[in-house]
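The following paragraphs lead the reader through a structure, from single residues to the contact between chains. Please keep the sequence and the model at hand.

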Number of protein chains: 2
Amino acid sequence: MFVILVYDVNEKRVAKALKTCRKYLYWVQNSVFEGELSEANYKKLKFELEKIINKEEDSVIFYTFRSMRYSERESMGLKKGGDVNFL
Amino acid sequence: MFVILVYDVNEKRVAKALKTCRKYLYWVQNSVFEGELSEANYKKLKFELEKIINKEEDSVIFYTFRSMRYSERESMGLKKGGDVNFL
């Protein structure tokens with residue numbers, strides 16, 4: 001499946017969350033990651049993040065796509081991620 | 001088209017950016033918005049955001065989907081947006 005992950009994690013925990021997300025996905029911008037994942041790795045990623053984040057303070061959204069990627073990604077302003085060189 | 005927008009905007013400008021994004025899209029979490037937009041409104045949104053953000057400091061990503069929505073959205077932790085009641 002193709003996954004887009006967006007997080008909003010307190011700076012105390014963000015380094016750990018970043019490291020975990022980068023194990024599974026490409027870092028495309030400050031708080032945005034994406035990539036192709038197996039069902040098993042998607043579960044692992046969620047399991048690991050659940051141990052890192054504080055559910056009262058942080059949030060993570062996962063968009064999952066069964067068989068396609070997005071049609072287009074446009075960005076405006078700073079490129080802060082940088083695992084993928086796009087555009 | 002269906003649009004997912006993620007921003008990372010300095011707090012000096014974030015109230016304006018939020019207001020603009022909410023004119024066009026649903027606010028689903030802190031820095032994430034989504035919704036169905038016409039090509040004309042997508043252009044308007046980008047035009048308005050370009051006037052608000054500082055391209056040296058802020059970033060915005062737009063994922064656009066021609067004919068489908070995502071298959072699934074899962075979230076973990078806080079729900080900070082709240083225009084849409086999901087799950």
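In which strand does A:Val6 lie? A:Val6 belongs to strand S1 of chain A, residues 2–8, where strands (E, at least two residues) and helices (H or I, at least four) are DSSP runs numbered from the N terminus. The model is a predicted one, in which local features need pLDDT of at least 70, side-chain atom pairs count only at pLDDT 80 or more, and totals for chains, interfaces and linings use all residues. Residues are numbered from 1 along each chain as its sequence is written, chains are lettered from A and ligands numbered from 1 in the order in which they are written, and side-chain values use heavy atoms, with hydrogens and water left out.

Chain A as a whole contains 2 helices and 5 strands, arranged along the sequence as β-α-β-β-α-β-β. Of its 87 residues, 52% are buried; buried denotes under 20% relative accessible area, exposed over 50%, and partly exposed the range in between, with a 1.4 Å probe and protein chains only. Contacts, defined by heavy atoms within 4.5 Å, are taken here at a separation of 6 or more, and 70% of those in chain A join residues 24 or more positions apart.

A:Val6 itself is buried, at a relative accessible area of 3%. Its contacts, apart from residues up to four places away in sequence, include A:Ser31, A:Ser59, A:Val60 and A:Ile61, and also B:Val6, B:Ser31 and B:Val32. A separation of 8.8 Å is found between the C-alpha atoms of A:Val6 and A:Glu34, which stand 28 residues apart along the chain.

A:Glu48, in helix H2 of chain A (residues 39–52), is likewise classed as buried, with a relative accessible area of 18%. Beyond its neighbours within four places in sequence, A:Glu48 touches A:Thr20, A:Lys23 and A:Tyr24.

In chain B, helix H2 has 14 residues and spans 20 Å from first to last C-alpha, close to the 20 Å expected at 1.5 Å a residue, the expectation being 1.5 Å times one less than the number of residues. The buried residues of H2(B) are B:Tyr42, B:Leu45, B:Lys46, B:Glu48, B:Leu49 and B:Ile52. Seen down the helix axis, these buried residues fall within an arc of 165° and so line one face of H2(B); the arc is taken from the directions from the axis to the C-beta atoms. They pack against S5 (72–77) of chain A as well as S1 (2–8), H1 (11–24) and S4 of chain B. The face turned away from the buried side carries the exposed residues B:Lys43, B:Phe47 and B:Lys51.

The loop between H2 (39–52) and S4 (59–65) of chain B holds B:Asp58, which is buried with a relative accessible area of 0%. Its side chain reaches the backbone nitrogen of B:Asn10 at 2.9 Å. Not counting residues up to four places away in sequence, B:Asp58 touches residues of both chains, among them A:Met76, A:Gly77, A:Leu78 and B:Arg13.

The contact between the chains takes 37 residues from chain A and 37 residues from chain B. Together the chains bury about 3200 Å², 57% of it on carbon and sulfur atoms; buried area is the accessible area (1.4 Å probe) that two parts lose on being put together, summed over both. On the chain A side, A:Tyr63, A:Glu74 and A:Met76 lose the most area to chain B, together 24% of what that side buries.

Definitions and conventions: A polar contact is a pair of N or O atoms within 3.5 Å; within protein, one must be able to donate a hydrogen and the other to accept it, and residues adjacent in sequence count only if both atoms are side-chain atoms.
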